[in-house]
Amino acid sequence: MEIIKLEKYRPILHFAPQRNWMNDPNGLVFFKGEYHLFFQHNPNDSRHGPMHWGHAVSKDLIKWEELDIALYPDEHGTIFSGSAVVDWDNTSGFFPEEPGLVAIFTHHLERENQTPIQTQSLAYSHDQGRTWIKYAGNPVLKHPTKIDFRDPKVFWDEASQSWIMVLATGQTVSIYSSPNLKAWKFESEFGENMGSHDGVWECPDLFELNVDNSNEKKWVLFVSIGDNPQFETGSRTQYFVGSFDGNKFVPEHEDMKWLDFGKDNYAGVSFSDIPREDGRRIYLGWMSNWRYANHVPTEGWRSQMTLPRELMLRETGGDFHIVQKVVRELDTYFTTKEEISNVIIGTEDTNIYELDSEYAEVELILESVDASQYGLTIHHTKKQYTRITIDKNENILLLDRKNSGKVDFSDNFSRAQKVKLEDTNKMKLRIIMDSSSLELFINEGEQALTSLVYPEKACESISLFTTEGKVNVVHGKFSIPSI
Ligand code: FRU
């Protein structure tokens with residue numbers, strides 16, 4: 001226990017299980033002043049195995065308290081991914097006295113010499129998710145032929161006055177509706193000839209989002225796609241923007257967009273039941289990649305979640321894309337150490353900003369004077385660093401973690417991660433560094449790049465560079481823990 005707590009890669013700002021394996025976030029829901037984070041968990045090993053739902057709660061989305069395991073495997077199988085909702089009006093009949101939580105999840109049944117069976121089931125809780133009762137009528141949804149039939153995300157749809165489930169069904173997402181969470185009716189299927197089919201479709205989410213600075217709203221469909229060894233990127237998440245009428249999701253374009261340009265943000269889904277007065281749509285993802293998740297060099301525990309992020313839609317040139325910002329609750333965890341304005345940096349200049357910190361944040365507005373390649377180096381220690389380069393010739397941002405510390409557990413891990421950019425002349429960057437991760441937001445979250453790193457220390461210092469010509473640091477802010 002002690003050793004695990006002192007282990008150097010354990011994050012401070014991010015949720016990680018005390019012990020053993022974790023993957024997808026599940027059952028994200030707000031109820032009675034608490035955010036609940038359930039998660040795919042193998043409590044007996046630090047590798048993926050028979051799945052349970054682990055459980056943690058938080059009042060501010062940053063500091064999490066891990067509680068007892070919520071759901072254990074049973075005769076219908078192990079407990080794969082799913083969601084949770086508050087049944088305010090007792091539609092299910094589980095809550096004659098007071099509203100409570102219902103979890104809707106996949107039962108995954110392994111069978112000897114046969115393909116596994118995946119079905120959808122329910123569990124409910126009368127005590128804020130501390131203990132759960134499995135519904136006696138499980139499973140509530142089966143399919144006669146589909147093998148990949150999993151990860152139900154359920155929400156109450158005001159327009160159709162019914163529960164809606166989006167479910168990953170192989171290379172598509174299927175939509176079902178229900179009056180009571182128990183009886184489900186097929187509505188439609190989405191995905192043929194749409195978006196990326198590089199891997200199996202998993203962990204969908206469907207929700208409405210505000211368009212920045214307007215009263216307009218659009219529907220967004222998240223679809224994670226599993227690892228396929230034929231491609232470099234491993235597992236990642238795509239999204240579509242469109243409309244939903246209670247029956248069918250219709251995208252505005254056939255093509256999709258990537259939610260994150262880093263390798264380590266997968267299976268992200270959003271919180272249910274965030275109060276209307278708050279009005280935010282907040283999601284978090286599993287900060288790993290199926291390509292190497294089982295091999296990352298942590299001891300006794302494996303995997304962590306991304307920071308929770310608020311989602312918005314922004315329109316550029318008639319096209320809508322997601323903007324993501326870490327929730328404002330994080331702000332109180334930082335205090336400014338140093339701020340600079342209008343510092344011109346040339347190739348010969350050494351400029352080191354000491355942080356010497358367990359976690360840190362850097363905000364920069366960089367403008368090229370005549371530099372073609374510029375950026376910053378995060379010095380984790382004297383020898384270990386991660387470099388972020390903006391390349392004006394190629395119009396890309398590159399994150400290179402090959403010298404960031406432990407990288408040899410996977411061939412794939414040291415390959416550079418890239419973001420294609422419209423304008424590389426002026427960049428606004430925000431980077432949040434924890435013991436073993438970097439979350440980079442470009443131009444106030446128009447693009448995100450989430451990346452694990454395994455250095456000896458989070459951050460000793462930051463330096464800025466240009467390979468030729470000069471760059472102006474219009475503004476720089478370096479922050480360290482406030483507590
Ligand atoms: C996604 C996923 C889900 C499944 C779960 C199993 O990472 O493969 O589709 O429910 O993980 O742990």
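Analyst: The accessible surface of the protein chain comes to about 19600 Å², and carbon and sulfur atoms hold 46% of that area. Accessible areas come from the Shrake-Rupley method with a 1.4 Å probe, and for residues only the protein chains shown count as cover. This is a predicted model, in which local features need pLDDT of at least 70 and side-chain atom pairs count only at pLDDT 80 or more, while totals for chains, interfaces and linings use all residues. Residues are numbered from 1 along each chain as its sequence is written, and side-chain values use heavy atoms, with hydrogens and water left out.

Of the 483 residues in the protein chain, 59% are buried. Buried means under 20% relative accessible area, exposed means over 50%, and partly exposed lies in between (1.4 Å probe, protein chains only). Along the principal axes, the C-alpha atoms fill a box of roughly 70 × 55 × 45 Å.

The protein chain has 34 strands and one helix. Both are DSSP runs numbered from the N terminus: helices are H or I with at least four residues, strands are E with at least two. Among contacts with a separation of 6 or more, 62% join residues 24 or more positions apart; contact means heavy atoms within 4.5 Å. The chain is divided into domain 1 (20–326) and domain 2 (332–481), with bounds that come from an automatic or database domain assignment. The contact between them takes 29 residues from domain 1 and 28 residues from domain 2. Taken over C-alpha atoms, the centres of domain 1 and domain 2 are separated by 32 Å.

Trp64 lies in strand 4, residues 64–71. Trp64 counts as buried because its relative accessible area is 16%. Val220 is 156 residues from Trp64 along the chain, and their C-alpha atoms are separated by 28 Å.

Val85 is placed in strand 5, residues 78–86. Its relative accessibility is 1%, so Val85 is buried. Apart from neighbours within four places in sequence, the contacts of Val85 include Val29, Leu101, Val154, Trp163 and Asp273. Phe38 is 47 residues from Val85 in sequence, and 12 Å in space, C-alpha to C-alpha.

Thr237 belongs to strand 15, residues 236–244. With a relative accessible area of 3%, Thr237 is also buried. Its contacts, not counting residues up to four places away in sequence, include Val223, Trp258, Asn265 and Tyr266. Trp258 is 21 residues from Thr237 in sequence, with 6.1 Å between the C-alpha atoms.

Some backbone angles deserve a look as well. Asp151 has phi near 65°, a positive value in a residue other than glycine. Asp151 is found in strand 9 and counts as buried because its relative accessibility is 6%. Ser303 has a positive phi too, near 90°. Ser303 sits in the loop between strand 20 (301–302) and strand 21 (309–316), and is buried at a relative accessible area of 6%. The peptide bond from Asn138 to Pro139 is cis, with omega near -10°. Pro139 belongs to the loop between strand 8 (133–134) and strand 9 (150–157).

Asn193 is in the loop between strand 12 (185–190) and strand 13 (201–210). Asn193 counts as exposed because its relative accessible area is 64%. Gln171 is 22 residues from Asn193 along the chain, and their C-alpha atoms are separated by 9.6 Å.
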